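Here is a walk through one model, from a pair of packed elements out to the whole chain and back to single residues. Keep the structure open as you read.

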Amino acid sequence: MSSMGRILMTVATAIYGLVPPMVDLGITHALHPDWTPHARLHMVWLVVTMSSVAALALYFIWWHSDRRFGVKAGGLLGLCVFGGFFVSAATAPLYGGSLHDKGGVPEVAGFIDANLLGFGVALALLLVGWRAAHRAA
């Protein structure tokens, strides 16, 4: 059961560590023609940071000598990333933010924001996996 929990945590970690570079370093984000150069810098910084955090989380989840600590640390790192996203999404009206730009990533089924759906599923996987891995550690 410990391995299954850690596998679910790994899938969630891959979602925040690998998907954003594939999406956010392209024309819909960092290379979006309407973005300012400074906004592009922040996007690249965010993507590199999230991918680095994901690599660290995977180390903790799979290779740390204290399995219980590693699972806890890997889960907490994931919560930091997902929490940051959901807080920024919830507070977007306060700073003029938006979940998407014109010409950006389209909604799923025409009405569900792809970021909310993807990160929501990933957060659920992280939490289920974390619970299973923690119980077995």
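Let's start where H4 and H6 meet: their crossing is left-handed, a label used when the near helix is turned anticlockwise from the far one by less than a right angle (right-handed if clockwise). On the H4 side the contact takes in Arg68, Val71, Lys72, Gly75, Leu76, Gly78, Leu79, Phe82, Phe85, Phe86 and Ala89, and on the H6 side Asn115, Leu116, Phe119, Gly120, Ala122, Leu123, Leu126, Leu127, Trp130, Ala133 and His134. Contact here means heavy atoms within 4.5 Å. Sorted by class, that contact has 15 nonpolar, five polar and two charged residues. For the sorting, Ala, Val, Leu, Ile, Met, Phe, Trp, Tyr, Cys and Pro are nonpolar, Asp, Glu, Lys and Arg are charged, and the others, Gly among them, are polar.

How do the two helices run relative to each other? The axes of H4 and H6 (residues 114-136) come within 10 Å and cross at roughly 160°, and H4 and H6 are therefore roughly antiparallel to each other. The axes are lines fitted to C-alpha atoms, for helices over the stretch in contact, with angles from 0 to 180 degrees between N-to-C directions. Angles under 35 degrees count as roughly parallel, over 145 as roughly antiparallel, 65 to 115 as roughly perpendicular, and the rest as oblique.

A word on what you're looking at: this is a predicted model, in which local features need pLDDT of at least 70 and side-chain atom pairs count only at pLDDT 80 or more, while totals for chains, interfaces and linings use all residues. Residues are numbered from 1 along each chain as its sequence is written, and side-chain values use heavy atoms, leaving out hydrogens and water.

Now zoom out. The chain has six helices and zero strands, where helices (H or I, at least four residues) and strands (E, at least two) are DSSP runs numbered from the N terminus. Along its principal axes, the C-alpha trace spans about 50 × 30 × 25 Å. Of the 137 residues, 33% are buried; buried means under 20% relative accessible area, exposed over 50%, and partly exposed in between (1.4 Å probe, protein chains only). Among contacts with a separation of 6 or more, 69% link residues 24 or more positions apart.

H4 has another partner. The axes of H3 and H4 come within 7 Å and cross at roughly 160°, which makes H3 roughly antiparallel to H4. This crossing is left-handed too. From H3 the contact uses Met50, Val53, Leu56, Ala57, Phe60 and Ile61, and from H4 it uses Phe69, Gly70, Val71, Ala73, Gly74, Leu77 and Val81. Those residues divide into 11 nonpolar, two polar and no charged.

H3 itself (residues 37-63) has 27 residues and reaches 39 Å from its first C-alpha to its last, close to the 39 Å expected at 1.5 Å a residue. That expected span is 1.5 Å times one less than the number of residues. Its buried residues are Met43, Val47, Met50, Ala54, Ala57, Phe60 and Ile61.

With a relative accessible area of 1%, Ile61 is buried. Leaving out residues up to four places away in sequence, Ile61 touches Arg6, Met9, Thr10, Thr13, Gly70 and Gly74.

Outside its sequence neighbours up to four places away, glycine 5 touches Gly129, Trp130, Ala132 and Ala133.

Finally, buried or exposed: which is alanine 89? At 19% relative accessibility, Ala89 counts as buried. Ala89 belongs to H4 (residues 67-90) and touches Leu99 and Leu116, not counting residues up to four places away. For contrast, glycine 96, in the loop between helix H5 (92-95) and H6, is exposed, with a relative accessible area of 69%.
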